[in-house]
Number of protein chains: 2
Amino acid sequence: VTQPAQPTQPTRPTPQPQQPQQPQPGDKGTVAVIGLGLIGGSLARDLAARGWRVLAADRDGHALAEAAAEGVITGTFHVGAEGPGDASGVQSHSGAQAHSSARSPASGSERAVEVLAAASLVIVATPVGTTPGVLRWLARVTPNSTIITDTGSTKRSIMAAAAAAGLAQRFVGGHPMAGDHRSGWGAAREDLFMDAPVWLCAARAAPALAAVQALWLAVGARPSVIDADDHDRLVAWSSHLPQLVSSALGRTLHDAGLDRSRLGPGGRDVTRLAGSDPAMWADILVDNADVVTPALAALLNELTRLHRHVMDRDVAAITAALAAARDWAGSAT
Amino acid sequence: VTQPAQPTQPTRPTPQPQQPQQPQPGDKGTVAVIGLGLIGGSLARDLAARGWRVLAADRDGHALAEAAAEGVITGTFHVGAEGPGDASGVQSHSGAQAHSSARSPASGSERAVEVLAAASLVIVATPVGTTPGVLRWLARVTPNSTIITDTGSTKRSIMAAAAAAGLAQRFVGGHPMAGDHRSGWGAAREDLFMDAPVWLCAARAAPALAAVQALWLAVGARPSVIDADDHDRLVAWSSHLPQLVSSALGRTLHDAGLDRSRLGPGGRDVTRLAGSDPAMWADILVDNADVVTPALAALLNELTRLHRHVMDRDVAAITAALAAARDWAGSAT
């Protein structure tokens, strides 16, 4: 088993006299990525480009084949069945192209043990409802020295699942604030995480935390440590609420028979997130329901107030409401 | 008075043997722009670059001075006082820099008559609440041959004001679906209208309509004729509702103490319009209140349903709602 990536000098390979310009495949170590969707696939691309050897699992054989053909990944494995989070959920959300290879779960896990033995770090980039099952499976098939992290949009349930699976010492929860409404390997691209905030949650996993911080720094992101409770409350407002608003507006315009091509650039901005993956988001919203609900209630109150002001043709009240929003938005892009 | 721009060959000047490459200032005719904000200023830039001579009025002397220094405009005039839509509302929304030059309204109008006599076309790019007063003033100070158009976000009240001012024969209502949350001359830029839909409303003004269509075609936009009632209902959903949603979300996040820097790219998209000009939008929303109100009620219903589904942790119902929105959004950008 190779050692975890060193937290120092994470962005550049040690220069080698014979090949000083380019990192060589594998000279930074080996990582395994489970789920080659927008996030996992983009991370695989970035890491491969920076000298990591990347192994991958995905329910979608086409995504694996394409990633291999492009030289992004050098090996694949199957994620074994493990309760509710079984291999059928390990997918890149590529939609119609998704399919399962015929296999025996037992032999799949045996081969996965062999393949994963080479990885110092495993990145779980599956839908949040799938991740707990994958963590239970990883607890069985990886050595105790393997560091495990994830990229899910919620952290409380995943930290709890990691602890329950006995992974507290070597699991670091992660959530990159990157990506967009697109999904699947086809949307994965290099430099997706450049300057992106990444939230990290660690129970008592200091060495593992350093390795995962180094990983994100290496791909240009800005990792910060946060408590899982604080994280989930924060993203309920900063991420889950905007998603709900954009989708609700999209559905409202759909029901009104209004084609998206009728919108100007501003309206297209507001409705862009409506194109996000429905199943992935339903998972996130249910997992975070207790803190999403009050955020949505606050927005409903605000919209109800605006509705009344517009009905009343109250220019002063509307101006004040819009001015508060504008002060908040400032000149941000 | 020069003739209106010809509807044929609107995008290119007639080649001149001695200067075949560049349009010469004024060789396409002279237009007057009232309000050098994002829309009026961008249109002035485009028209000047395409060989029109551009005259301008704006409450903000700095905007006029900058436009003149850049060679975008070759003359200025003051809009005279005319009831509720007096000159104090003729502004580029440049905020703190706005100021009024000391002047006598009478002498201002006299000089305006002279300056405007050179313009075959006047473009009123003021806030919608200001436009009716400007139209009444223009009816007094411009010759009957002068074509007048506007760029306001609502059309019923403006068409009615034009008719009441006796301008039905020579007024064409216009609404470019371009621009963004920014405002003022500082945000004005060339090619803002490239490929943008532009709605045009004309009472019984066929020759004027052809001239205004040619104007928008010349700057790369896609003009379509629409009934004013249909227009206002359409934009209530396609433009005014997205603005309200973005502002309501911005204010909700403000009240929750959440800085915009905490948002990812998707959340920044949804809240971008929250940076729009509050007074300009309050004007629009009140003017269009009768059709904005039901659109906002429909969105409230949809959000209320989603709120209940999230409270109930109803994965199937949430997925179905998000899927309807995604089908609508498609793969649009």
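Author: A polar contact is a pair of N or O atoms within 3.5 Å; within protein, one must be able to donate a hydrogen and the other to accept it, and residues adjacent in sequence count only if both atoms are side-chain atoms. By this rule, 11 residue pairs, both at pLDDT 80 or more, are in polar contact between chain B and chain A. The model is a predicted one, in which local features need pLDDT of at least 70 and side-chain atom pairs count only at pLDDT 80 or more, while totals for chains, interfaces and linings use all residues. Residues are numbered from 1 along each chain as its sequence is written, chains are lettered from A and ligands numbered from 1 in the order in which they are written, and side-chain values use heavy atoms, with hydrogens and water left out.

Reader: Which helices of chain B supply at least two residues each of the side that touches chain A?

Author: Helices are DSSP runs of H or I with at least four residues, strands are runs of E with at least two, and both are numbered from the N terminus. On chain B, the helices α7 (228-255), α8 (265-271), α9 (278-287), α10 (289-311) and α11 (315-329) each supply at least two residues of the side that touches chain A. The residues of that side divide into 47 nonpolar, 21 polar and 14 charged, where Ala, Val, Leu, Ile, Met, Phe, Trp, Tyr, Cys and Pro count as nonpolar, Asp, Glu, Lys and Arg as charged, and the others, Gly among them, as polar.

Reader: How many salt bridges does the rule find across the interface of chain B and chain A?

Author: The rule (a side-chain nitrogen of Lys or Arg within 4 Å of a carboxyl oxygen of Asp or Glu) finds 6 salt bridges across this interface. A salt bridge joins the side chains of D269(A) and R272(B), at 2.9 Å, N to O.

Reader: How many residues from chain B and from chain A does the contact take, and what area do the two chains bury between them?

Author: With contact taken as heavy atoms within 4.5 Å, 82 residues from chain B and 82 residues from chain A take part. Buried area is the accessible area (1.4 Å probe) that two parts lose on being put together, summed over both, and for chain B and chain A it comes to about 7,500 Å², of which 74% is on carbon and sulfur atoms. On the side of chain B, R251(B), R326(B) and W328(B) lose the most area to chain A, together 11% of what that side buries.

Reader: Is T293(B) buried or exposed?

Author: A residue is buried under 20% relative accessible area, exposed over 50% and partly exposed in between (1.4 Å probe, protein chains only). T293(B), found in helix α10 of chain B, counts as buried because its relative accessibility is 13%. Leaving out residues up to four places away in sequence, T293(B) touches H307(A), V310(A) and M311(A).

Reader: How is a pair of aromatic rings described?

Author: It is described by the distance of the centres and the angle of the planes. Rings of Phe, Tyr and Trp (its six-membered ring) pair if their centres lie within 6.5 Å, and planes under 30 degrees apart count as stacked, over 60 as edge-to-face and the rest as tilted. The whole structure holds 2 aromatic pairs over all chains. F193(A) and W216(A) form an edge-to-face pair, 5.1 Å centre to centre with 80° between the planes, and both residues are buried. F193(B) and W216(B) also form an edge-to-face pair, with 5.1 Å centre to centre and 80° between the planes. F193(B) lies in the loop between β6 (171-176) and β7 (197-202) of chain B and W216(B) in helix α6 (residues 206-218), so the pair ties together parts that are 23 residues apart in sequence.
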